[in-house]
There are 2 protein chains.
Amino acid sequence: MRTQVRTEERHNTVMDASRGDDGWITVVSLKLAPPSLRDNTADVDRLIKGLEKALQSTHVKIGLPAAKRVPFLLREYGYDVHSVLYREEDTWHLIDIQPASKEPQVYGLAVDLGTTTLVLRLVNLLNGQSLEETSFLNPQTEIGLDILTRIHFAALEGGLGKLQMLAIDKLNQEIENLAKRNGVSSEALVGMAIAGNTTMTHLFLGLDPYRICREPYIPAINKIPLLKASELGIRIHPDAPILVFPNVGSYFGGDLIAGILASGMARSDRLSILVDVGTNAEIVLGNRDWLMACAGAAGPALEGGVASIGMMAGPGVIDKVTTDPGSGEFLFRTMEDRPPAGICGSGLIDLVAQLFLAGRIDIQGKYVPEKCGDRLKEIEGMRSYVLVPAKRSATGRDLALSQAEIDALLRSKAAMFTILTTITGMANVSMSDFRDFFIAGTFGAYINPESAITIGMVPDLPRETYKPLGNTSLAGASVALLSSWARDEIQEIRNRVTYIELNVNQEFMNLFSAARFIPHTDLSLFPSVRTPVASQKYRE
Amino acid sequence: MRTQVRTEERHNTVMDASRGDDGWITVVSLKLAPPSLRDNTADVDRLIKGLEKALQSTHVKIGLPAAKRVPFLLREYGYDVHSVLYREEDTWHLIDIQPASKEPQVYGLAVDLGTTTLVLRLVNLLNGQSLEETSFLNPQTEIGLDILTRIHFAALEGGLGKLQMLAIDKLNQEIENLAKRNGVSSEALVGMAIAGNTTMTHLFLGLDPYRICREPYIPAINKIPLLKASELGIRIHPDAPILVFPNVGSYFGGDLIAGILASGMARSDRLSILVDVGTNAEIVLGNRDWLMACAGAAGPALEGGVASIGMMAGPGVIDKVTTDPGSGEFLFRTMEDRPPAGICGSGLIDLVAQLFLAGRIDIQGKYVPEKCGDRLKEIEGMRSYVLVPAKRSATGRDLALSQAEIDALLRSKAAMFTILTTITGMANVSMSDFRDFFIAGTFGAYINPESAITIGMVPDLPRETYKPLGNTSLAGASVALLSSWARDEIQEIRNRVTYIELNVNQEFMNLFSAARFIPHTDLSLFPSVRTPVASQKYRE
């Protein structure tokens with residue numbers, strides 16, 4: 001028997017990297033004794049025997065499709081082979097065998113199955129290294145941009161099948177291109193892990209999402225069995241296992257479980273919070289002993305959907321605003337250094353924070369004309385602050401922020417802070433107890449905690465507490481692809497999370513009203529925020 | 001929760017019928033609480049939870065195809081359902097759900113996958129009762145009657161696929177007819193167990209049989225994983241499990257394991273022997289502590305292939321010959337009381353025994369003219385005994401047995417006895433120690449032990465020791481379909497059987513020569529056989 005080559009776990013997230021073990025997709029290299037009259041064990045049984053010895057397991061299974069190939073391949077490779085296997089519970093399943101004369105070719109795919117965007121990462125399962133990442137529009141957007149439209153479409157004759165086919169076909173096409181670019185054959189793609197919200201997961205699997213959006217909000221399935229590529233029509237190795245993240249419920253999907261997994265918070269003894277801001281703010285807090293989650297509408301103003309100059313992140317989008325200490329002028333950064341065309345959520349938070357710090361808006365967010373000077377204009381009957389004059393903008397129009405847009409942002413930030421206050425109250429912890437404040441999502445990767453604290457969107461914690469994690473759905477899928485312990489942890493997270501429905505009652509509304517000020521009516525909650533003189537004066 | 005209905009085990013074989021337990025295909029009936037805002041568990045997870053409680057198991061799995069149906073069906077049936085499941089190791093897998101308002105419809109198929117004939121038995125899995133049995137020609141016989149022709153054909157382009165398709169298509173057609181005749185829907189056929197020799201099993205699964213007949217005689221696979229109907233294209237419930245009996249090796253197939261299972265010998269503390277006589281004599285001996293097996297050419301003369309009047313069992317075939325005590329005339333019985341057309345193996349053994357007892361042949365099997373009278377004729381230059389004169393036969397020709405044909409039968413019986421002597425010697429047991437002498441096969445069902453002992457084909461044991469079992473391949477498949485313990489026992493048998501290659505060495509040939517006499521040169525081995533005066537005289 002030759003040495004065994006096993007997958008090693010590597011990841012780019014904050015999870016405890018010391019927790020090394022073997023992967024659940026692995027390679028065992030062994031040289032079998034060829035059959036003889038004295039040892040006429042059947043080919044498949046011979047391989048199983050060798051693998052059981054190497055893996056110190058009594059549960060190695062070879063399915064019919066692999067069993068058909070094994071006798072030919074064992075002979076072709078002179079009984080000297082790499083066996084690629086995956087483990088499900090106590091049983092190892094053979095995916096394929098490769099000649100021992102070459103390096104094993106063992107790659108996997110991590111997939112973030114987003115409502116709008118799909119992200120695909122090609123990973124070398126032998127060393128955990130990411131080869132390339134690619135993102136593309138979810139082709140289901142041609143049916144409907146939002147989830148509800150797709151759920152309704154799925155109920156039409158052939159609708160569900162069409163939605164599933166759109167996603168699978170596009171994924172197959174992107175996988176093919178990705179593999180080709182990296183010189184990887186489709187047969188060498190031997191595993192996939194995929195995380196999405198509950199509806200996206202249902203559509204991907206061809207499961208009826210009809211009841212997800214109807215009281216009492218019942219998904220068809222929460223815990224998804226390990227599937228095979230051939231079952232789903234995914235054109236990688238037909239026997240490759242497909243791990244689909246489970247849901248907790250209709251409004252808590254596999255993408256969030258992936259986020260918790262990637263953050264490592266479910267294994268940490270530190271109190272942590274994970275915030276994923278999209279259309280909904282999705283929040284998880286807890287530690288290795290408990291996990292609590294909730295979701296609430298908080299984000300529209302942050303996603304570029306409210307401000308007229310608001311945009312999704314992209315070239316020419318202002319993602320950062322600061323104040324020049326000398327001139328007191330606002331400075332901004334655009335993505336890819338293109339002429340400014342709009343502003344994204346993180347830029348907007350920066351801008352409002354800078355407006356406040358310069359005294360150009362007061363603690364209620366109202367413009368202070370004497371501080372704004374000629375930057376303040378009446379546009380379409382509303383006071384608006386011109387950040388970029390028309391002559392310098394990419395659009396040929398002033399990039400300006402109206403009073404109504406500030407009000408919308410402050411409602412969003414107030415909603416966020418109220419949700420944080422409410423959930424921590426329900427969990428009986430204080431926000432000051434958080435040792436890690438994880439921010440998930442592309443948006444979160446750009447956000448400046450200083451600005452978010454300044455406007456009172458998030459609590460006034462030491463700045464290093466804030467940790468942007470980027471695409472945690474993809475990161476979690478990568479962890480699940482590489483680590484043998486991840487699947488147990490996924491189920492554990494799923495079982496442990498207590499999902500809280502937030503009731504918008506009188507107390508919530510009182511908290512919300514108090515949180516609409518900058519940073520808050522209760523300034524003692526934000527001791528580090530310099531309240532400018534103008535605001536203080538206004539307040540007196 | 002409602003009462004559980006489980007399959008009960010019933011069988012028609014000699015195995016220990018008191019060993020009752022639940023089947024591995026079972027029905028659990030339960031009424032689930034419908035979902036509500038307070039309990040919004042997903043449909044599939046809700047069913048799994050209910051089943052895990054009912055089965056006191058933490059391993060209930062619902063695959064993707066079933067998961068797609070479950071949400072609809074749970075609602076259609078008001079969350080009050082029969083669940084049909086099968087167990088593999090510790091895990092229960094859902095096959096389907098049915099409305100609790102009706103009796104569960106749960107049927108299975110046992111299949112004897114013979115080289116020449118396929119036999120199909122429809123079984124009610126709730127009470128173990130057999131509804132109907134049907135047999136039909138293996139359509140692969142159109143490619144070749146014998147195994148070797150088919151193995152060679154399988155090596156041709158498309159040959160293996162064609163052989164597999166022939167068997168599956170014919171089986172599907174016969175299943176459809178069988179189910180229709182018995183008012184059973186194809187969806188209610190939820191399991192199948194199938195036993196065949198190693199080559200037939202390979203062809204049925206689409207596995208290359210090429211190396212089975214070539215040194216060192218390596219099957220592609222011995223231990224076959226549990227398959228699903230959809231994997232093989234068998235048109236019963238697509239998620240129905242298909243249990244295929246494993247092989248011990250190229251020359252010891254699943255049909256023999258099924259025979260051992262049906263006989264119960266592997267669980268017995270009595271020393272038993274199981275003999276299956278076809279073209280080869282296949283022999284197993286042992287008890288619950290050990291099992292030894294061998295095979296050897298012994299049968300051609302017994303299968304109707306050697307004697308010119310020899311035939312396979314069928315209408316008009318003489319299957320029994322006795323002597324009228326008064327007249328000393330031979331009496332015979334034909335199948336279905338038709339005019340005699342030939343003689344089958346059991347009739348041939350009877351005839352030779354009666355010829356010997358009447359002194360019409362001597363201990364060497366040579367005709368004694370003075371005893372035969374005008375029954376002895378010269379036909380095509382050879383002494384032949386006319387059992388049925390032309391005028392009374394269905395063929396219009398004398399039904400006669402030539403000296404050469406008797407010699408061939410005696411070689412066959414000598415081979416059989418020699419193999420029995422050799423294998424018992426290797427096992428270090430005496431033939432007189434056998435408490436059960438099981439005879440498998442249709443041929444075995446007709447054989448008269450008295451006659452077989454008289455000619456010295458089998459040992460001189462108390463007649464009640466001989467137990468014809470009929471089609472043990474089908475019986476074993478039925479046991480495997482119904483009994484939860486059978487699958488463990490099948491693997492245990494497979495692991496325990498020691499297969500012995502019989503070497504045709506000098507000692508074997510010496511034994512063979514001694515066994516060519518009637519009943520044997522050593523008369524002390526057959527104390528109960530009356531050696532007629534004429535023979536004794538000849539011997540002196």
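Is B:Gln56 buried or exposed? I looked it up first. B:Gln56 is exposed, because its relative accessible area is 76%. The cut-offs I used are under 20% relative accessible area for buried, over 50% for exposed, and partly exposed in between, with a 1.4 Å probe and protein chains only.

**Ground rules**

I am working on a predicted model, where local features need pLDDT of at least 70, side-chain atom pairs count only at pLDDT 80 or more, and totals for chains, interfaces and linings use all residues. Residues are numbered from 1 along each chain as its sequence is written, chains are lettered from A and ligands numbered from 1 in the order in which they are written, and side-chain values use heavy atoms, with hydrogens and water left out.

**Backbone entries**

I went back to B:Gln56 for its backbone. Its phi is near 45°, a positive value in a residue other than glycine. B:Gln56 sits in the loop between α1 and β2 (60-61) of chain B. For element names I take DSSP runs, numbered from the N terminus: helices are H or I with at least four residues, strands are E with at least two.

I found another positive phi at A:Asp337, near 55°. This residue lies in the loop between β15 (330-334) and β16 (342-343) of chain A. A:Asp337 has 70% relative accessibility, so it counts as exposed. I noted the background: most residues other than glycine have a negative phi, and most peptide bonds are trans.

Next I checked for cis bonds. One joins B:Glu215 and B:Pro216, with omega about 0°. B:Pro216 is in the loop between α5 (198-205) and β9 (227-228) of chain B. In chain A, a cis peptide bond joins A:Ile518 and A:Pro519, with omega about -10°. A:Pro519 belongs to the loop between α15 (506-515) and α16 (533-539) of chain A.

**Ring entries**

How many aromatic pairs does the structure hold over all chains? I read 16. Rings of Phe, Tyr and Trp (its six-membered ring) pair if their centres lie within 6.5 Å; planes under 30 degrees apart are stacked, over 60 edge-to-face, and the rest tilted. The ring centres of A:Phe434 and A:Phe437 are 6.3 Å apart and their planes stand at 90°, so this pair is edge-to-face. Both residues, A:Phe434 and A:Phe437, are buried. B:Phe434 and B:Phe437 also pair edge-to-face, at 6.3 Å and 90°. B:Phe434 and B:Phe437 are buried too.

I then looked for a charge over a ring (NZ of Lys or CZ of Arg within 6 Å of the ring centre and within 35 degrees of the ring normal). A:Arg214 lies over the face of A:Tyr210, 3.7 Å from the ring centre. In chain B, B:Arg214 lies over B:Tyr210, at 3.7 Å.

**Interface entries**

I turned to where the chains touch. Contact (heavy atoms within 4.5 Å) takes 42 residues from chain B and 42 residues from chain A. The area buried between them is about 3200 Å², and carbon and sulfur atoms give 60% of it. Buried area is the accessible area (1.4 Å probe) that two parts lose on being put together, summed over both. B:Leu64, B:Arg211 and B:Ile218 supply 17% of what chain B buries against chain A, more than any other three residues.

Last, I counted 6 salt bridges between chain B and chain A. The rule is a side-chain nitrogen of Lys or Arg within 4 Å of a carboxyl oxygen of Asp or Glu. A:Glu88 forms a salt bridge with B:Lys61, with the closest N and O atoms 3.0 Å apart.
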